[in-house]
Amino acid sequence: MDTFQVKGTPKRGLLGTTLGFFFGFAAVSLYGPTAVNFKEAMGISSTLLGLLVAIPSLSGSLLRIPFGAWVDTTGGKKPFFILLLLSVIGLGGVTLLLHFSYPNHMQGMYGLILFFGFLSGCGIATFSVGIGQTSYWYPQKKQGKALGTYAGLGNLAPGIFSLILPLYLAHYGFISAYFAWFIFLFIGLLIYAKLGVNAYYFQFRDAKMSVVESKEEAKKLGQEIFPSGGVKDSLINSAKVKNTWALVVLYFTTFGGFIALTAWFPTYWNQFQGFSGVKAGLFTAIFSLLASLLRVPGGSFADKTGGERMSLLAMVLVLLSAIVLSITQSSVIGILAAIVLAAGMGFNNAAVFKLVPHYVPKSVGGAAGWVGGLGAFGGFVIPPVMGAIADSYGKIGYARGFFVFVLLAAINMFIIYRLLKSKPVAES
């Protein structure tokens with residue numbers, strides 16, 4: 001045991017999870033910009049289209065719960081790798097199906113496309129795994145910055161590819177795009193396998209040291225946060241903390257909303273504002289990139305001002321911008337409102353995960369699973385609701401759908417008010 005050497009550093013741990021999540025999240029970026037192709041080939045309604053673009057978010061949200069909790073027993077690398085592998089299989093399946101069936105033989109393929117889309121979304125589920133894996137590397141006072149960097153840079157994938165994909169489609173075609181993204185994701189799997197590393201405590205446990213010895217040795221190396229039980233214990237213990245569920249609702253609105261709108265905005269810009277595919281991709285990318293990048297400074301601001309106050313400010317921005325988007329028909333005003341909405345979502349996403357290790361320090365993985373999983377479930381729920389509103393109200397329904405975020409923001413502002421009221425004065 002004296003010859004055992006730990007691997008990695010906090011910086012390498014952060015680099016591995018950030019790159020892994022970036023690649024995992026990239027797969028879902030295909031579904032929004034290519035939704036029209038599926039709709040035309042299969043002749044489906046706007047509601048079914050909304051379900052199709054949202055299906056990767058179902059696996060990407062629900063699988064975050066058990067896989068996030070699994071971090072508290074393994075350290076994260078194994079569940080992270082498995083999720084990326086499943087995503088590679090899903091994206092490869094869609095690619096093969098399109099190669100043999102698109103465009104003239106897609107009738108009756110809707111269920112199979114949904115299945116492969118479900119598998120593709122497993123890459124999104126790496127988020128909660130990475131949150132836990134990263135949290136165990138860093139002390140409490142650096143959680144906001146570390147997690148903001150991880151989530152902010154990792155979340156850049158949908159925005160970047162929303163910008164690139166329409167250009168790629170125009171030059172190389174629909175099926176080629178899926179093949180290219182499959183290769184990209186496979187390369188990401190290999191990169192994470194090389195760079196991903198667990199925090200010190202889990203390395204000592206893998207080396208057969210006792211729990212007590214592993215904690216003592218890890219503390220000497222600077223680790224502050226440690227798990228308190230297995231997967232089941234982590235989920236149960238974190239579920240018993242009532243504020244875990246407050247964070248779930250907050251995250252449902254802004255990260256679930258972020259995923260939902262990254263998939264839905266191409267349709268909104270194209271069908272409601274009349275933008276071309278490339279232009280719709282550009283403005284979707286602006287929204288997605290801003291919401292992602294602002295998580296980085298948002299995490300640092302949350303360290304300084306407190307996660308609750310940052311979240312409250314963010315919800316005000318979400319509320320106001322959603323009101324504007326739901327009533328305006330002006331493309332210029334719509335673009336400006338989308339930018340403000342991106343800021344609100346980015347800031348709140350950073351604030352929420354600043355609060356996770358604060359409220360649930362003994363079960364970070366489990367809490368990250370609940371918050372990341374059920375919160376991201378908004379990415380699955382919201383697009384079909386917005387699609388149903390569009391079906392009911394016609395063209396203006398693409399704008400009216402944003403009223404969903406008005407309602408959610410109002411609910412969240414009440415929740416944050418309650419969090420602030422219950423917070424001890426010494427911590428405020």
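The largest cavity in this predicted model has a volume of about 40 Å³. Here a cavity is a set of points, on a 1 Å grid over the protein atoms alone, where a 1.4 Å probe fits but cannot get out; the volume is the space filled by probe spheres set on the points, with grid points joined across faces, edges and corners. By this rule the count comes to one cavity of 30 Å³ or more.

A word on conventions: residues are numbered from 1 along each chain as its sequence is written, and side-chain values use heavy atoms, leaving out hydrogens and water. As the model is predicted, local features need pLDDT of at least 70 and side-chain atom pairs count only at pLDDT 80 or more, while totals for chains, interfaces and linings use all residues.

Back to the cavity: its lining consists of Phe25, Val28, Val53, Pro158, Ile259, Thr262 and Ala263, where lining residues have an atom within 4 Å of a point. Helix 14 (residues 242-272) gives the largest share, three residues. Helices are DSSP runs (H or I, at least four residues), numbered from the N terminus. By class, the lining has six nonpolar, one polar and no charged residues. Ala, Val, Leu, Ile, Met, Phe, Trp, Tyr, Cys and Pro count as nonpolar, Asp, Glu, Lys and Arg as charged, and the others, Gly among them, as polar.

Now for helix 18 (residues 331-359) and two of its packing partners. Axes are lines fitted to C-alpha atoms over the stretch in contact, and angles run from 0 to 180 degrees between N-to-C directions.

| Pair | Angle | Axes apart |
|---|---|---|
| Helix 15 (residues 277-293) and helix 18 | about 25° | 7 Å |
| Helix 16 (residues 295-305) and helix 18 | about 50° | 8 Å |

Helix 16 is therefore oblique to helix 18, whereas helix 15 and helix 18 are roughly parallel; angles under 35 degrees count as roughly parallel, over 145 as roughly antiparallel, 65 to 115 as roughly perpendicular and the rest as oblique. The contact of helix 15 with helix 18 (heavy atoms within 4.5 Å) includes Phe283 and Phe287 of helix 15 and Met345 of helix 18. That contact has eleven nonpolar, one polar and no charged residues. The contact of helix 16 with helix 18 has six nonpolar, four polar and three charged residues.

The peptide bond from tyrosine 102 to proline 103 is cis, with omega near 0°, and proline 103 sits in the loop between helix 5 (77-101) and helix 6 (110-120). Lysine 208, although not a glycine, has a positive phi of about 75°.

Methods: On a 1 Å grid over the protein atoms alone, a cavity is a set of points where a 1.4 Å probe fits but cannot get out, and a pocket is an open set with protein on both sides within 12 Å along at least five of seven lines; lining residues have an atom within 4 Å of a point.
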